[in-house]
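Thanks for coming, everyone. I have one chain to walk through today. Please have a look at it on the screen.

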Amino acid sequence: MVFNDTDGLYTYTFEAEKKDDCPACSQRPQTLTFPEDVTLKSVIDFLMESPAYQMKAPGLTTMIDGKNKTLYMQSVKSIEERTKQNLPKKLKDIGLIDGQEVVVADGTTPKPLICRIHFSSGME
């Protein structure tokens, strides 16, 4: 609505639209595909450098054997100290399998993103 004290009042309506696969407001898992030998550091770099995500300090957690496991979290120094040894490890060595969901939290998104990790074999 626009109000101008000398000319009057102008209003209009529009239909708000929402993308069904919006990473910020939908809880649909985002599919990420990486080579089988990808390291956790490479995944974090991708999330920071990708135009689609543009994260600043992503923290990653997942469920392994029914337990919540923090893969890496930079924002809390005590947790970063304990999880930084995971950075050079391959995702498979950490315990992730093809199709596993990873929760990614970052200050740039209002809600944590759920990412489904897939491994590609060879060049695709």
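Let me start with rings. Rings of Phe, Tyr and Trp (its six-membered ring) pair if their centres lie within 6.5 Å; planes under 30 degrees apart count as stacked, over 60 as edge-to-face, and the rest as tilted. By that rule, the structure holds two aromatic pairs. One of them joins F34 and F46. The geometry is edge-to-face, at 5.5 Å centre to centre and 85 degrees between the planes. F34 sits in strand β3 and F46 in helix α1, twelve residues apart, and the pair links distant parts of the chain. Helices (H or I, at least four residues) and strands (E, at least two) are DSSP runs, numbered from the N terminus.

How much of each ring residue is covered? F34 is buried, at 8% relative accessibility. F46 is partly exposed, at 32%. Buried means under 20% relative accessible area, exposed over 50%, and partly exposed in between, with a 1.4 Å probe and protein chains only. Ring pairs also bring in Y53, giving a cluster of F34, F46 and Y53.

Now the ground rules. This is a predicted model: local features need pLDDT of at least 70, side-chain atom pairs count only at pLDDT 80 or more, and totals for chains, interfaces and linings use all residues. Residues are numbered from 1 along each chain as its sequence is written, and side-chain values use heavy atoms, with hydrogens and water left out.

On confidence: pLDDT is the predictor's confidence in each residue, from 0 to 100. The chain has a mean of 87, and 88% of its residues reach 70 or more. Where is confidence lowest, and where highest? Strand β1, residues 2–4, is lowest, at a mean of 69. Helix α1 is highest, at 96.

Next, the fold. The chain has three helices and seven strands. From the N terminus on, the order is β-β-β-α-β-β-α-α-β-β. There are 124 residues, and 31% are buried. Contact means heavy atoms within 4.5 Å. Take the contacts with a separation of 6 or more: residues 24 or more positions apart account for 51% of them. The accessible surface comes to about 8,600 Å², with 52% belonging to carbon and sulfur atoms. Those areas come from the Shrake-Rupley method with a 1.4 Å probe; for residues, only the protein chains shown count as cover.

On to the core. A nonpolar core is a set of buried Ala, Val, Leu, Ile, Met, Phe, Trp, Tyr and Cys residues joined through side-chain atoms within 4.5 Å. The largest one has 23 residues, and L40, L60, L91, L96, V104 and I117 touch the most other members. Elements giving two or more residues to this core are β3 (30–35), α1 (40–49), β4 (59–64), β5 (67–72), α3, β6 (100–105) and β7 (113–120). In soluble globular proteins, nonpolar side chains tend to be buried together. Take L91. Beyond its neighbours within four places in sequence, L91 is in contact with V38, T39, L40, V43, L96, I117 and F119.

Now a polar residue, N86. It lies in the loop between α2 (77–83) and α3 (91–94). Is N86 buried or exposed? Buried, with a relative accessible area of 6%. Its side chain reaches the backbone oxygen of L71 at 2.9 Å. That is a polar contact: a pair of N or O atoms within 3.5 Å; within protein, one must be able to donate a hydrogen and the other to accept it, and residues adjacent in sequence count only if both atoms are side-chain atoms. Outside four places in sequence, N86 is in contact with L40, T70, L71 and I94.

I94 is in helix α3. It is buried too, at 8%. I94 and L71 are 23 residues apart in sequence, yet 8.1 Å apart in space, C-alpha to C-alpha. Contacts of I94 beyond four places include L40, I64, K69 and L71.

Two backbone notes to finish. Q54, in the loop between α1 and β4, has a positive phi near 45 degrees and is not a glycine. D65 lies in the loop between β4 and β5. Its phi is also positive, about 55 degrees, and it is not a glycine either. D65 is exposed, at 76% relative accessibility.
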